[in-house]
Amino acid sequence: MKQALHIFRKDLRHLWPRALLVLSLLIAHAILEVLSLPVNVPETMRINGMSGVLTWLLPVAIWSLIAWLIFEEALPGDRQFWLTRPYRWPDLLFSKVLFVFIFINIPVLISDCCILAAKGFPVFSVVPDLLLRQLFVTTLFVLPFFAIASVTTGTSQFLLAWFALLLALVFEGLIVSTWTGNTSIAIGSGSFFVATLAVATCGIVIWQYAARRTTIARLALFAIASSFPALGVLPLLFSPVTAQPRHLADQPNVSFAYDPDLNTRSQSYTSPPPGYKLVRIPLIVAGLPPKTLLRGSARISIDVGGRPWPKPGEVMMGTVERNADAYWQSLNLPVANVKVLKNQPSNLHATFDLEIVSDEVKQREPLTKHSFFVPGVGLCYVFTDTPQTQFACRAGLGPSTETSVRLDSNVPADQPFMDLPQHSVPWGLSPITDHGSSAFSDVQQGSLLAFIPRPKFTEFQRTLDLRNIQLANYMLPR
Amino acid sequence: MNSPLRCERLSKRFGQLLAIRDLQFDLPDRSIYALVGPNGAGKTTLIKMLVNILRPTSGRCVVLDTDSRRLSPNQFAQIGYVSENQEMPEWMTVDYFLAYLKPFYPTWDDALAEALLRDFQLPGGRRLSELSRGMKMKAALASSLAYHPRLIFLDEPFSGLDALVRQELIEGLLERAEDTTVLVSSHDLADIETFASHIGFLDSGQLQFSEEATTLTQRFREIEVTLRTPPTLPSNWPESWSNAQTSDSMVRFVESRFDSERTQSAIAHFFPAALHVSMNPMPLRDIFVALARQGRRSALRGEQS
């Protein structure tokens, strides 16, 4: 411990200007985060721009500081003066960890608290989330660069290795997203990815400090980079898309069936993506508790003249939607398949995963320029002094609730224009998360924003069959 | 007292290159052991293995009663290491460098450190990056002597230094390292012949000999045989005769196992018509050159065969 503190003091003596640079950038970043807004209006454009620049600059400064710190006692090579001095490796490693903790982790934690407090978000009640963010920051911003620096000898090697790993990550991300169709899968598979990365990079760092076997450590680092696709794809095996259907208790009071009446027509609908046709089949839903909504997804298979579609092993998903008081099962079919399917008699089989959620407006706010707090969402802003009225929200840490936002003057009045998802703890350098913004033109006088939290009351499963139908009768646009 | 350093069948391979082969030697306690050999002989590789910077491919060395692969801070607190191409913390001043190292060594001697700074005329407030090569070597040596190490390794410490700095370093070493065992490597024997007590000659990764400097000078002689007629070299002459040179009426060669009676009788046997024979003691430098030449010829013969 004494030796660790001695090495720490030496590092501080040499690296204080660089540590000061990181602290200055972090302070600037925190100030800009407080001043910036989640919408781009003229008065926030410059601040948002500067904040954007710092979002890139700050990580670079942090990574450089980590590299310089480790290179003070570079591990690979055979010429460093310290190799033949009585250094104890646990003390050496601890001194570096202490430096990172004091000049990166603690400042980021303080910055988080300051940003949250300045924005009016709670701080002391979200301590577990603040600590979880520290784990994310350490795993994603510190440990990988600590590991790279521990197997490289200088800045150029560090940059080269960093770019190589970045390229590998992008390349592998592309492969995985092409394979799975999910663009965020390579780096965004949550806690499994973070935990694996943390354990693997910690292992490499400790091994390298203890044994200084650089070739093995480099190979291990390369292996981790190569396993990013696996880390990204593994959680998919447990995702609802490919998982076995969950067996949920049924809700006997809720009746749920296809509506054979073809005269029930949808008044409005969301257009399907290019290359797809929308199939909407009316549903009869009754017995729901008051001020609740039924929603869910369906795994659908169609039997066309004895031939199953899609092929075994493939999954076709549909959704349950409500429009006005009517419910629909929506399904996007590729145009190429529509030609084959639409005029043949078909049998449709669907297994629904359903949930009953709240449908009660808890808060209404006028659509005039102001900011307001929405429980479970965060701080929301309305800007009216722009060509279009803009609306956006910004979330802090702590409990969050999925919330739909509805414009009460809109037609149809009960169709939400935005669903604010339940947010998780952000892993970037800011503790606040911007929710997608929305812009309105032709806002009517007295329009109100209605916020409908969607806490889930219950989940259940149903299976429905629809026999001898012609899909063409349910296709939109007709 | 145990030998502070002992190597047994030590080898080091870099891919196809066998840099050190089957090396076996002891370092007598409190000796100044000069490890000499041409550039590329494996001196630096050997020393780096002794201080666990490199790991042996096979065999082992015991340094201060510990396998060199398991040297711990306890042993390093008694070992000094100075190398011509060591990377120093250039941003540190000389004073801070010594102050930084002090807590690592329980036996650090402030008075000795100050004396070394003074004797080496090191500017304490100057950064290491601003020092000349000679000054840097002095700083490195001072930092490795100030804690009275039991064993000190000097890897080509005098390479590229002017005569004055070289002399200052040698004097500093001899004055301050009386109780220390020193292993100093050099490709130029002139650097160390004045103070080495033992000499090992390393060539192509093999230790050709390892012995006391005095016995070495006793067993080498440069022999000149003057003849009446132009000489022809006998094909079966003794193995200990090497580096033969002939002129009109003279043969000159090096005898590496000199024994007055035996050598004279061998000369009489091979050169019965000798008019005059002179057997001159050789300075270490000439011995080293002769051995290096012999080594190269042997290597050439090996390649040709």
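The model described here is predicted.

Along helix 2 of chain A, the buried residues are S51(A), L54(A), L58(A), A61(A), I62(A), W63(A), L65(A), I66(A), A67(A), L69(A) and I70(A). An α-helix has 3.6 residues a turn, so residues three or four places apart point the same way.

What does helix 2 of chain A meet in helix 4 of chain A? From helix 2 of chain A, the residues P59(A), I62(A), W63(A), I66(A), A67(A), I70(A) and F71(A) take part, and they meet F141(A), V142(A), F145(A), F146(A), A149(A) and S150(A) in helix 4 of chain A. The residues of this contact divide into 12 nonpolar, one polar and no charged. Helix 4 of chain A covers residues 127–150, and its axis comes within 9 Å of the axis of helix 2 of chain A, the two crossing at roughly 40 degrees. Because of that angle, helix 2 of chain A counts as oblique to helix 4 of chain A, and the crossing of the two helices is right-handed.

Taken as a whole, chain A holds nine helices and 18 strands, and 32% of its 478 residues are buried. Among the contacts in chain A between residues at least 6 apart in sequence, 76% join residues at least 24 apart.

Chain B touches chain A through 20 of its own residues, which are in contact with 13 residues of chain A.

The residues on the side of chain B that touches chain A divide into 16 nonpolar, two polar and two charged.

Elsewhere in chain B, A111(B) lies in helix 4 of that chain, which covers residues 110–119. Is A111(B) buried or exposed? A111(B) is exposed, because 8 other C-beta atoms lie within 10 Å, and a residue counts as exposed when that number is 12 or fewer. A111(B) and A146(B) are 35 residues apart along the chain, while their C-alpha atoms are separated by 8.5 Å.

Notes. Residues numbered from 1 in each chain as written. Chains lettered and ligands numbered in written order. Predicted model: local features only at pLDDT ≥ 70, side-chain atom pairs only at ≥ 80, totals over all residues. Buried ≥ 20, exposed ≤ 12 C-beta atoms within 10 Å, placed from the backbone. Helix = DSSP H or I, 4+ residues; strand = E, 2+ residues; numbered from the N terminus. Contact = placed C-beta atoms within 7 Å. Nonpolar A, V, L, I, M, F, W, Y, C, P; charged D, E, K, R; others polar. Axes fitted to C-alpha atoms, helices over the stretch in contact; angles between N-to-C directions. Parallel < 35°, antiparallel > 145°, perpendicular 65-115°, else oblique. Left-handed = near helix turned anticlockwise from the far one by under 90°.
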